[in-house]
Amino acid sequence: MTSRYGATRDDIASAIDTLGQPRYRVDQVHNGMWQQRLPIESLTSLPKALRAALEAEFPLALTPILERRSSDEHTTKWLWQAAGGDQIETVLMRSPNRATVCVSSQAGCAMGCTFCATGQAGFDRHLDVGEIVEQVLRAQHATEARVSNVVFMGMGEPLANLDAVEPAIERLHRDLGLSARKITVSTVGVVPGIERLREFPLPVTLAVSLHAPDDALRDSLVPLNRRYPISDVLDAARAYVEAKGRRVTFEYACIEGTNDHLHLADALAGRLGGFPGGAHVNLIPLNSTAAFGGTASAGARLGEFAERLTSRGITATVRRNRGADIDAACGQLRMRAANVPAVRESSP
Ligand code: SAH
Ligand code: SF4
């Protein structure tokens with residue numbers, strides 16, 4: 001059976017036909033679901049029985065297990081159960097000028113980054129197109145704000161699941177109307193995946209999770225570095241910028257005493273100097289996870305690290321750790337839910 005947001009316009013048309021409904025209903029349903037971004041039950045221009053029939057024909061793929069809201073109301077996080085019992089996470093972040101949904105591309109992840117809760121738990125399966133896109137729509141249904149940005153920074157490695165991620169991006173662009181540059185794909189450095197994304201027609205924004213300026217240190221944090229060392233990842237990222245004309249962002253999770261020494265900021269600036277389009281580094285204080293001993297760098301050190309990069313011509317932003325009070329970091333909510341009964345929860 002096709003899930004609700006895996007269904008194409010043709011799938012909707014053939015359901016409308018089977019249900020003996022007039023053709024103009026196809027536009028009503030499709031526009032209501034994608035342009036107006038409404039749940040089917042809210043498409044009041046349709047007869048109630050038709051809404052019920054469509055809901056039965058195209059079931060939702062995700063069932064909420066937990067829903068948590070940060071105390072400042074700016075961040076909402078969902079833990080969903082998908083087919084087969086796999087659990088995935090989605091985060092909605094609101095600010096005055098944008099609403100961003102952070103989606104998962106896989107249940108679990110096979111990359112095994114030592115500091116990441118998802119990596120620690122291992123790989124379950126790839127998500128399909130409907131499961132990826134539904135995360136964006138379900139978050140949209142929960143907010144008045146219009147979702148403007150989507151980032152593939154939830155569970156999983158999107159470039160290891162491009163067969164579903166590329167068509168999901170197409171649907172977000174074509175059916176939901178998001179511009180490609182407001183869709184960001186974050187990768188740990190799967191070089192063949194970066195090369196394939198370069199050939200993909202939509203110029204989505206690429207983010208590369210670097211975390212270290214030298215291979216020895218990166219090997220210890222990101223096992224995939226042994227297969228695709230930093231120089232190969234940077235070469236692929238350079239080719240991406242040259243093909244797409246879009247600046248690449250580098251993610252750097254700051255771990256106290258491990259990758260936050262100032263000489264490493266110098267080394268990082270050395271590696272990223274002269275990057276086409278200019279490199280931008282996002283410094284993210286580490287979210288502590290059960291199976292990794294490290295902790296976040298102190299705020300003062302984050303500032304010094306950023307300043308050191310900036311003084312060497314690399315722009316850097318220190319990211320506030322949004323939603324830390326609701327375990328908003330990748331994989332953390334699932335870990336937490338494993339220890340509590342499956343209930344729906346909404347913190348004040
Ligand atoms: N697999 C992709 C995208 C999902 S992870 C990737 O690795 O880029 C999204 C981001 O969260 C990555 O930059 C990752 O390094 C970061 N991340 C994972 N665990 C983290 C933690 N415990 N603290 C801070 N950032 C973390
Ligand atoms: Fe996978 Fe990204 Fe976590 Fe690494 S950081 S284990 S690639 S989700």
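Visitor: Which residues lie nearest the centre of the second largest pocket?

Guide: On a 1 Å grid over the protein atoms alone, a pocket is an open set of points where a 1.4 Å probe fits, with protein on both sides within 12 Å along at least five of seven lines; lining residues have an atom within 4 Å of a point. Here Pro39, Leu60, Trp80, Arg138 and His141 lie nearest the centre, among 14 lining residues. This is a predicted model, in which local features need pLDDT of at least 70, side-chain atom pairs count only at pLDDT 80 or more, and totals for linings use all residues. Residues are numbered from 1 along each chain as its sequence is written, and side-chain values use heavy atoms, without hydrogens and water.

Visitor: Why does the second largest pocket lie between domain 1 (9-57) and domain 2 (70-337)?

Guide: Domain bounds come from an automatic or database domain assignment. Both domains give residues to the lining, so the pocket lies between them.

Visitor: How many disulfides are there?

Guide: A disulfide is a covalent bond between the sulfur atoms of two cysteines. The rule asks for a pair of cysteine sulfur atoms within 2.5 Å, and the count comes to 0. For Cys254, the nearest cysteine sulfur is that of Cys113, 15 Å away.

Visitor: Is Cys254 buried or exposed?

Guide: Buried means under 20% relative accessible area, exposed over 50%, and partly exposed in between (1.4 Å probe, protein chains only). Cys254 is buried at 1%, and Cys102 is buried at 9%. Phe123, at 37%, is partly exposed.

Methods: Chains are lettered from A and ligands numbered from 1 in the order in which they are written.
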